Amino acid sequence: MSRGTSSSHGHGDGMGGLYWMVSLPLSGGSKEASWDNLQQLTVYANDLSLNFKLNVPDTLRVGTLDALMELSDDLVKSCASIEGTLAKLRRQCTEAARARVTGDDPADDAAAADEDGFALDAEDLPCEDARAIESFEWNEAKFPSHRPLKESV
């Protein structure tokens, strides 16, 4: 995974937010040769995408397939919990913004907050996601690559 891993942003989809994460096989014996080949085929010759390197440590310990599958299951459970929490936070922020602007009691009509246009600006989220993906750097101090992946996640 650490050999020439890249993130590709497809700009031809009209949405501007489609990302693919691919792991490249070594071609020509080096990461740079693989990257140059990808750039040539997808950017220069065909204008199919914009590509960004997503560098992960060469020494990242992923463990066995069973361990990765278990980790994947754990992440699915965590994701559902986090999404629920974020939905509650969004609702509270929307209600608070509406109350601040209109002076109403937020408990009166929480559903109207979205209709009145006081919701969080979802247009800015893809831009923030793009910046995070395009400028990703592994934090070795926080997530040492010699430590098993399960301990890092």
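## Close-up views of a predicted model

**View 1. W138 is partly exposed, at a relative accessible area of 26%.** Partly exposed is the range between buried (under 20% relative accessible area) and exposed (over 50%), with a 1.4 Å probe and protein chains only. The model is predicted: local features need pLDDT of at least 70, side-chain atom pairs count only at pLDDT 80 or more, and totals for chains, interfaces and linings use all residues. Residues are numbered from 1 along each chain as its sequence is written, and side-chain values use heavy atoms, with hydrogens and water left out. The structure holds 2 aromatic pairs. One of them joins F136 and W138 edge-to-face, with 6.5 Å centre to centre and 75° between the planes. A pair of aromatic rings is described by the distance of the centres and the angle of the planes. Rings of Phe, Tyr and Trp (its six-membered ring) pair if their centres lie within 6.5 Å; planes under 30 degrees apart count as stacked, over 60 as edge-to-face and the rest as tilted. F136 is partly exposed too, with a relative accessible area of 33%. F136, W138 and F143 make up one aromatic cluster.

**View 2. E32 and K53 meet through their side chains in a salt bridge.** The N to O distance is 2.5 Å. E32 sits in helix α1 and K53 in strand β3 (residues 50-53), so the pair ties together parts that are 21 residues apart in sequence. The cut-off for a salt bridge is a side-chain nitrogen of Lys or Arg within 4 Å of a carboxyl oxygen of Asp or Glu. A search of the whole structure finds 1 salt bridge. Both ends are partly exposed: E32 has 42% relative accessibility, and K53 has 28%.

**View 3. A33 belongs to helix α1 (residues 31-44).** Helices (H or I, at least four residues) and strands (E, at least two) are DSSP runs, numbered from the N terminus. A33 is partly exposed, with a relative accessible area of 26%. Leaving aside residues up to four places away in sequence, A33 touches S27 and G28. Contact means heavy atoms within 4.5 Å.

**View 4. D47 has a positive phi of about 50°.** D47 is not a glycine. D47 lies in the loop between α1 and β3. With a relative accessible area of 53%, D47 is exposed.

**View 5. I82, L86 and L89 form a nonpolar patch on the surface.** Together the three residues have about 280 Å² of accessible area. I82 lies in helix α2 (residues 65-102). Patches are made of residues with over 30% relative accessible area and no salt bridge; like charges are joined within 9 Å, nonpolar side chains (Val, Leu, Ile, Met, Phe, Trp, Tyr) within 5 Å. Accessible areas come from the Shrake-Rupley method with a 1.4 Å probe; for residues, only the protein chains shown count as cover.

**View 6. C79 and C93 are partly exposed.** C79 has 39% relative accessibility. For C93 the relative accessible area is 40%. A search of the whole structure finds 0 disulfides. A disulfide is a pair of cysteine sulfur atoms within 2.5 Å.

**View 7. The protein has 5 helices and 3 strands.** From the N terminus on, the order is β-β-α-β-α-α-α-α. Of its 153 residues, 23% count as buried. Among contacts between residues at least 6 apart in sequence, 54% join residues at least 24 apart. The protein exposes about 10,800 Å², and carbon and sulfur atoms supply 57% of that area.
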